[in-house]
Amino acid sequence: MALEGSLAEGFGNPSSDIDFLFLGRCEDDLPTMPSLLFVDGRRVEIRTRSVRQIADQFRAVEEGAERPGRLSEDLLNRCQRLLHSHPLRGHALVEEVKAMLPAERFGRITADWWAHRARQSLRQAIALVCLDESDEAVGWTRAGLLQTVKSWAAARGETYLEPKWLSLQLDRAGHPDVRDRYWQLDTTAPAPGAAFAPGAAAVSGSVPALGGASASDAAAGPGSVPASGAAPAPSPTPVPDTAAPEPGTVTAPSASPPPGAAPAPRSVPASRGVPAVAAAPAPGGVPAAGAAAEPDAVPAPVPAPASNAVAPAPAAVPAPVAAPASSAPASDAVLAPGAVTDPSGTPAPDAVRDHLTACLGFAADLGIAGVPWRPERLIVERVAGVTTWQTGERVHVIRCRRDVFVLGDDAGAVWRSLVLGRPLPRVLAQAKDTGVADPGPLLAAFLRHGLIRLAWKGGGTVIPSLPLSAPPGPLTPPPSTAQPLLSVHGAAVSGPRAIDLMPLPADRFAAAAMALVWSNVVVENAVEDVTGALRRGQWRVAELTARRAVHAALRGLLSAHGVHPLPADPGLVRRLDLLPPAIRPIGARAGDLLGRGVGSAEQGDTLLAALRAFIGQVRGAVGADSFPLSFDSAHTWRATLQLGYDWLRIGAHLDAQLPIEEARDLLAGHGTAPRPALERHQDP
């Protein structure tokens, strides 16, 4: 039996839960769901695990160590809590289980796990700065900053995953220079409605750099020589990237701590038996085994001295590189409260970039390689399962054959400008050439919705994530509330910059759209038949054909609102109660037409006039006013076929129900691939 969690770590407060772990040697798996008790107002949580279950968990951690991006947060958390638990009973069994995964090894794995997330968050922040998404860029910068210092702390034995005890972890790590620098960067992050003075850097010059570097040395990059002429500090060991190194990348040698380095003090029970991870060669450094450094990453570390050599004194960690966007000297970098803000209420772009650049420098100082300010390394890539379909001028994007996004005019223009496989700055420049104002936020929205993705050249797909939050993945916005949803020329949109999600699955969306187009074809055919019957005095034929036209128009009306499958003809009028109240007058008019008879030329002419007015009313309500007179001429028939073909391609691609089997003949000579004009742009 062991005490685990924040209390076992030496953290906690009177509100903290009391967490116990019971270990057993039984062959069967023990329940993984914890039991909850409330004792004297305190919540007590009891978990059970068999030795075999613990061994499986440790094995999974070791197997996933080479791909830290795929390691489960819950798995790491469970292992960490056990490794840092305090035995209460059965000390021998607890220590035997802990020995399966040495604490030093787990600290290295956890440091790599945090470093991977730090890289992802900071790369995301770089992208968002480029796309003028300042608020969100600040959020991901702060996330990357936290993940950076958590990686650094984990390499020193501070592996507790939840960030809420970070302040105590940094205090206990015993490096006040790193701690103070972190909190200074965190507290000076630009906030909405608060910007920095023009030309000011994101970091106040009044706060000393790591290791006590002077303000005049603040602009020195890792490994550079300070202005005072002192010898350059050795660069910290970079944390390895999970991706394969790029051509020409040199693998950094492993760094060893100076002989006699003392572990960081820990306020934990003496019987816990968890050895601390050895200190790094220099304050802020992170030991790494075989870390792969990118060409523009932090330089490789200075090899550790031999065991019989005199260990050099730890050198100061260089201060972050000054933001390239700012022309002000480092000594002028002073936070200006109440300075002029961006009119939109978001942080000033220069302030956001300056703060991000300072955080990138801090990350490099702590050994996080692969995140220089190099936006051109962000590549815009295709997402599998995303296809583009255009009907008239309307652009529809289908995600995973399930979700349909309809783009407004501006969003559609930016989407059509995409040439995938190119660097983000180039893609953004091409989007600006469309004439659409502020295309960056539209590209950012495409990224959030999972319609395109970013990859770091040589570093894999950018997938930022945060602990104890929603898992990473594409955003699915609330569905569109437009009514009607569809017109013959495309889905309805809420505005020119809209990226609206249809409230229908893709196959029903396509089926409803095809039914809408086909109903209008049937209406045109029925009106032509009514006209011919009246000319020949075929009153009964005209009467029945007029009813057919009314039913077809009602099917189109229901289809435009997303109703599919459709009700049978006898229930069409009554099912109009599914639609908005404004549609009810159309239902009353349809009921009147369905009850009319024809017994003379005069009655026939009256019926035809009323039928044409009804059809005009329905088409006006669903955006089909300009539907071609399909059977008037060869030209209008070709226009009808082209309109139908745009929708049939989508339906056939999704295996949606076609309105008639003969429609397949229209596809035989053309296929069902996305629009060729977009394929030339390597459309997703």
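How many residues lie between strand 7 and strand 8 in their hairpin? The views below come from a predicted model.

**View 1. Strand 7 and strand 8 form a hairpin.** Two residues separate the strands. Gly392 sits in the turn and has a positive phi of about 65°. Strand 7 covers residues 386-391 and pairs with strand 8 in the antiparallel sense. Six bridges link the pair. Within this pairing, Trp389 has His396 of strand 8 as its bridge partner.

**View 2. Strand 8 and strand 9 form a hairpin too.** Here three residues lie between the strands. Cys400 is in the turn, with a positive phi of about 55°. The two strands run antiparallel and are joined by five bridges. Across this pairing, Val395 stands opposite Leu407 of strand 9.

**View 3. Strand 8 is largely enclosed by the rest of the structure, because six of its six residues are buried.** The strand spans residues 394-399. In a regular strand, side chains alternate between the two faces of the sheet. Arg394, His396 and Ile398 point one way from strand 8. Val395, Val397 and Arg399 point the other way. Residues on both sides are buried, including Arg394 and Arg399.

View 4. Leaving aside residues up to four places away in sequence, Gln80 touches Glu9, Phe106, Thr159 and Tyr160.

**View 5. The largest nonpolar core holds 61 residues.** Seven members touch the most other members: Leu486, Phe509, Val550, Leu554, Leu557, Leu611 and Phe614. Strand 9 (403-407) supplies at least two residues of this core. So does each of helix 13 (506-535), helix 14 (539-560), helix 15 (584-594), helix 16 (601-622) and helix 17 (634-653). Helix 13 gives the largest share, 16 residues.

**View 6. Leu611 is one of the core residues that touch the most other members.** Which residues does Leu611 touch, not counting those up to four places away in sequence? They are Val527, Val530, Ala546, Ala549, Val550 and Leu593. Val550, one of these contacts, is also among the residues that touch the most other core members.

Notes. Residues numbered from 1 in each chain as written. Predicted model: local features only at pLDDT ≥ 70, side-chain atom pairs only at ≥ 80, totals over all residues. Heavy atoms only, no water. Core = buried A, V, L, I, M, F, W, Y, C linked by side-chain atoms within 4.5 Å. Buried < 20%, exposed > 50% of the residue type's maximum accessible area, 1.4 Å probe, protein only. Helix = DSSP H or I, 4+ residues; strand = E, 2+ residues; numbered from the N terminus. Contact = heavy atoms within 4.5 Å. Pairing = 2+ DSSP bridges.
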